Amino acid sequence: MSTFTTISNDKLARLIGTANGPALIDVRTEEDFAADRRLIPGSIKLSHDNVTDWGGDFAGRRAVVLCFRGEKLAQGTAAWLRQLGVEAETLEGGFEGWKAAKLPLVDARKLPPRDAKGRTVWVTRARPKVDRIACPWLIRRFVDPNAVFLYVAPSEVVAVGERFNAAPFDIENVFWSHRGELCTFDVMIEEFGIATPPLLRLATLVRGADTARPDLAPEAPGLLAASLGLSRMYDDDLAQLEAGMTLYDAFYRWCRDATGETHNWPTNKVKA
């Protein structure tokens with residue numbers, strides 16, 4: 001049973017992917033991580049050994065800490081974080097409990113190399129519309145909350161990727177791109193292993209908007225209209241991305257929680 005310093009798998013699963021979700025910190029030992037190189041979606045890998053060095057970065061925030069079984073490493077790290085002003089909890093049952101519950105796990109071997117600050121770096125074409133906003137949203141919410149995105153001239157994406165150790169996406173002839181009828185957003189969901197019903201529902205909307213297939217979902221034209229509107233509102237691609245994060249937060253919550261909800265305005269009766 002959860003306590004005021006622990007959180008259950010079910011409760012955490014509801015928070016992951018939302019705008020107000022907690023920081024999720026994996027402090028498994030290198031030996032335990034080597035045995036299973038998967039991560040709970042949205043988690044970052046840090047060492048309990050130097051929690052006093054990095055713990056202050058989370059001051060004033062909520063965090064959930066996990067280790068192999070949710071025992072000494074997670075408990076001790078969370079206690080230190082609370083000393084540093086973090087609202088820290090531990091995951092009940094730890095990584096093994098999450099895995100036993102058959103909840104989604106991201107294969108860390110699929111992630112591009114991290115930079116000196118532990119961030120994944122991605123590069124794509126400038127002036128994004130649909131996929132090039134949707135994919136960064138997916139990565140930041142479910143894969144790497146600290147991911148960096150570089151928007152550059154289309155002709156320079158591959159070269160920038162090579163020079164700056166960034167993973168190119170949503171261009172031709174790279175791993176993270178369209179495959180057949182699937183758009184890049186679909187591919188990332190499949191490759192990262194996070195094919196939950198809400199994300200698959202959202203993927204249908206993204207595919208319909210991105211590949212001129214409005215027949216795939218009645219909401220797809222609305223997503224396309226909102227995306228094109230954002231691209232006209234913002235000259236700065238990173239500012240557009242930040243606005244797009246809110247847009248996709250809303251569509252995700254609709255896909256997860258509100259697909260059955262309707263809004264029926266009462267009919268006005270005209271007096272004779």
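This note goes through the cores, pockets, strands and a few single residues of a predicted model.

1. On conventions, local features in this predicted model need pLDDT of at least 70 and side-chain atom pairs count only at pLDDT 80 or more, while totals for chains, interfaces and linings use all residues. Residues are numbered from 1 along each chain as its sequence is written, and side-chain values use heavy atoms, with hydrogens and water left out.

2. The largest nonpolar core has 57 residues, and those with the most contacts inside it are Trp122, Trp137, Phe185 and Tyr248. Helix α11 (residues 237–258) gives the most to this core, namely eight residues. Apart from it lies another core, of 16 residues, among them Ala23, Ala63, Ala78 and Ala88. A nonpolar core is here a set of buried Ala, Val, Leu, Ile, Met, Phe, Trp, Tyr and Cys residues joined through side-chain atoms within 4.5 Å; buried means under 20% relative accessible area, exposed over 50%, and partly exposed in between, with a 1.4 Å probe and protein chains only. Helices (H or I, at least four residues) and strands (E, at least two) are DSSP runs, numbered from the N terminus.

3. Leaving aside neighbours within four places in sequence, Trp137 is in contact (heavy atoms within 4.5 Å) with Gly17, Phe142, Phe185, Leu199, Leu202, Met245, Tyr248, Asp249 and Tyr252. Two of these partners, Phe185 and Tyr248, are also named among the residues with the most contacts inside the largest core.

4. The largest pocket holds about 740 Å³ of space and is lined by 33 residues, of which Leu24, Gly42, Ile44, Pro145 and Asn146 lie nearest its centre. The elements that give two or more residues to this lining are α1 (9–15), β2 (23–26), β4 and α6 (131–142). By class, the lining has 18 nonpolar, six polar and nine charged residues, where Ala, Val, Leu, Ile, Met, Phe, Trp, Tyr, Cys and Pro count as nonpolar, Asp, Glu, Lys and Arg as charged, and the others, Gly among them, as polar. On a 1 Å grid over the protein atoms alone, where a 1.4 Å probe is used, a pocket is an open set of points with protein on both sides within 12 Å along at least five of seven lines, and lining residues have an atom within 4 Å of a point. Grid points are joined across faces, edges and corners, and a volume is the space filled by probe spheres set on the points.

5. The second largest pocket has a volume of about 210 Å³. Its lining comprises 14 residues, of which Ala13, Pro104, Phe142, Thr196 and Tyr252 lie nearest the centre, and the elements that give two or more residues to it are α1, α9 (197–210) and α11. These lining residues divide into 11 nonpolar, one polar and two charged.

6. Five strands form an open sheet in the order β1-β6-β5-β2-β4, with parallel pairing, where two strands pair if DSSP finds at least two bridges between them. The edge strands are β1 (6–7) and β4, each of which pairs on one side only. Strand β1 is joined to β6 (residues 87–91) by two bridges, and Thr6 stands opposite Thr90 in β6.

7. Strand β8 (residues 121–125) is mostly covered, since four of its five residues are buried. Five bridges join β8 to strand β9 (residues 148–152), and the two run parallel, with Thr124 opposite Tyr151 in β9.

8. Leu46 sits in the loop between β4 (43–45) and α3 (51–54) and is partly exposed, with a relative accessible area of 23%. Not counting residues up to four places away in sequence, Leu46 touches Ile25, Asp26, Val27, Trp54 and Phe58; Ile25 is 21 residues away in sequence, yet the C-alpha to C-alpha separation is 6.6 Å.

9. Arg207, in helix α9, counts as buried because its relative accessibility is 17%. Leaving aside neighbours within four places in sequence, Arg207 is in contact with Glu181, Leu182, Cys183, Asp186 and Leu216.
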